[in-house]
Amino acid sequence: MDYWTISLSIVIGAVGIYYLFKEFNYFKRHNIIHMPPVPIFGSMLPLVLRRLSIAEFAENLYYFNPDAKYIGLYAATQPIIFIRDPELIKETFIKNFDNFPNRIGFGYINDPLFSKNLFSLQGQKWKDVRTMLSPAFTTSKMKTMFTLMLECAVDFAKYLSEISTDKNDMDMKDAYTKYANDVIATCAFGIKINSLRDPTNDFYVFGKEATNFQGFLSSIKFFLFGNFPKLVKILGLKFIRDDVGNFFRNVIKSTIDTRDTENITRPDMIQLMMDIRGKREAEKELTIEEMTAQAFVFFLAGFETTSTAMSFITQVILDKPDVQAKLRQEIDNVLENSNGEVTYEAINHLEYLDAVISEILRLYPPIAVLERLCEKDYELPPALPNKKPLTLKKGQVVWAPVYSIQHDEKYFDDPEEFRPERFLGNNTYHNSPYYAPFGLGPRMCIANRFALLEIKVLLFHLLARCELKPCTKTVLPIKFSKAVVMAVKGGFWLNVQRRHDIHPTIRSTTLKNDVTNI
């Protein structure tokens, strides 16, 4: 080894040690209680090595010091403020949104599908795209998409109610991803498919590949892409395969070309983005790549989080026949009173179903932790009595623990108990920082109403036709798997049986505008 190689190695090593020492002393310098870091991984090692589930990891942080308003942790060398106090979360995420308007999101991934979508966009670009997409989720648009959802939900429920007894033990997460895939395909991409009957269709196959966030490799991917973006770029690593990304790009481009050529219009997200072309300032126009990114993130969120939410719902009510009976009675009453003509309004006035969904989203929120990025100086109050305030600087990250707050007995009586009655006739939780399954403030999920409607329509038709029971593969009580997303050990297995007392108004489905005859 020559002189220059040795010298360069010493310099690189010295700079590296200095950098790690400097970064890992942030909380010591500011006298902030924090989770002790380890080199390279910071506080994230248990998550990266899959020693803890994302919920367990969040709980460890939340109870690290129960008296503190916030604590510190490190994601690799990045100091992060973990805010425990709901009122302080409200101050940062809602009241002082101008100080915390952005999230890192997927901006660190060197792929426009991830970096240019609404979830990752920042500043004025985020505002412009959010404003542009918001009309897709108005009541009138939701009624139109309700009709499209119904086709998927009826197909799904009929398929399960007619399945043979030797095949009616199933992993519902797998089944729900197929339903979610079909809903997104028709409502966002304008493509009609039935993934239960044709599970090898490209849309489902590539979608499943794009949303596979479980396993050790996924943990490593998230860690590397999130904390060492320059290294990832140098190594030329990809978050998803090129053929997966190209599939979605080609779908969008060919759909737009076909509609332009044949003058076709359809009530979906692509049409909304097409219709505003030429009506905005040049710098606010969306390119094909940006349009693809918006449709892709809609797919990404809906495919994984919505199917997971539906899986938790049916798993929780699986061993609660009284809850299922009450839900079926509420559904049958609607069928009886409407003579089988179930409208958008009727679906949204199922009070007990709504309470059950709200309670399970409290117990098992799709996202365990929320994230925001500080854009200008902001002073946090002291974390503990007799301590000093902390001034956050531009670029610093704050986290809010949705899962842990929604399981804290300070804010919910018997928080580990399934009690949907707490949401009956009570909107207090929905307007508080204690309940945030879809996020908080202006950057909360833009499609939360869409997701809830998708879940309600599916459960309505499923429970109108089927009973759900445990099977030999069912794992109860629910136990989390060691993953970076909300997942369970052993899957969401259950037994689906056709109801022996199906309401007589159920018949072949026909659609008339926004009304379903069943």
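The following questions and answers go through a predicted model of one protein.

Student: What pLDDT does the protein average?
Tutor: pLDDT is the predictor's confidence in each residue, from 0 to 100. Of the residues, 91% score at least 70. The average for the protein is 87.

Student: How many helices and strands does the secondary structure come to?
Tutor: Helices (H or I, at least four residues) and strands (E, at least two) are DSSP runs, numbered from the N terminus. The count for the protein is 20 helices and 12 strands.

Student: Why does the radius of gyration of the protein agree with that of a compact globule?
Tutor: The radius is taken over C-alpha atoms, and the globule rule is 2.2 Å times the number of residues to the power 0.38. The protein has 518 residues, so a compact globule would have a radius near 24 Å. The C-alpha atoms fill a box of roughly 85 × 60 × 45 Å along the principal axes. The radius of gyration of the protein is 24 Å.

Student: What percentage of the residues is buried?
Tutor: Buried means under 20% relative accessible area, exposed over 50%, and partly exposed in between (1.4 Å probe, protein chains only). Out of 518 residues, the buried part is 54%.

Student: What share of the accessible surface belongs to carbon and sulfur atoms?
Tutor: Accessible areas come from the Shrake-Rupley method with a 1.4 Å probe, and for residues only the protein chains shown count as cover. The total for the protein is about 23,100 Å². The share of carbon and sulfur atoms is 55%.

Student: How many Å apart are the mean positions of the positive and negative charges?
Tutor: Lys and Arg count as positive and Asp and Glu as negative, while His and the chain ends are not counted. Each charge is placed at NZ of Lys, CZ of Arg, CG of Asp or CD of Glu. There are 62 positive and 60 negative charges, and their mean positions are separated by 4 Å.

Student: Is Ala76 buried or exposed?
Tutor: Ala76 lies in the loop between strand S1 (70-75) and strand S2 (78-83). Its phi is near 60°, a positive value in a residue other than glycine. With 2% relative accessibility, Ala76 counts as buried.

Student: What is the relative accessible area of Arg50?
Tutor: Arg50 is in the loop between helix H3 (45-48) and helix H4 (54-62). Phi of Arg50 is also near 60°, positive in a residue other than glycine. Arg50 is partly exposed, at 29%.

Student: Which residues does Asp414 touch, not counting residues up to four places away in sequence?
Tutor: Asp414 is in the loop between H19 and H20. With a relative accessible area of 48%, Asp414 is partly exposed. The residues touched are Arg362, Arg419 and Arg422.

Student: What separates the C-alpha atoms of Pro415 and Arg362?
Tutor: Pro415 is found in the loop between helix H19 (402-405) and helix H20 (448-465), and is buried at 10% relative accessible area. Its contacts beyond four places in sequence include Arg362 and Leu363. Pro415 and Arg362 are 53 residues apart along the chain, and their C-alpha atoms are separated by 9.0 Å.

Key
Residues numbered from 1 in each chain as written. Predicted model: local features only at pLDDT ≥ 70, side-chain atom pairs only at ≥ 80, totals over all residues. Heavy atoms only, no water. Contact = heavy atoms within 4.5 Å.
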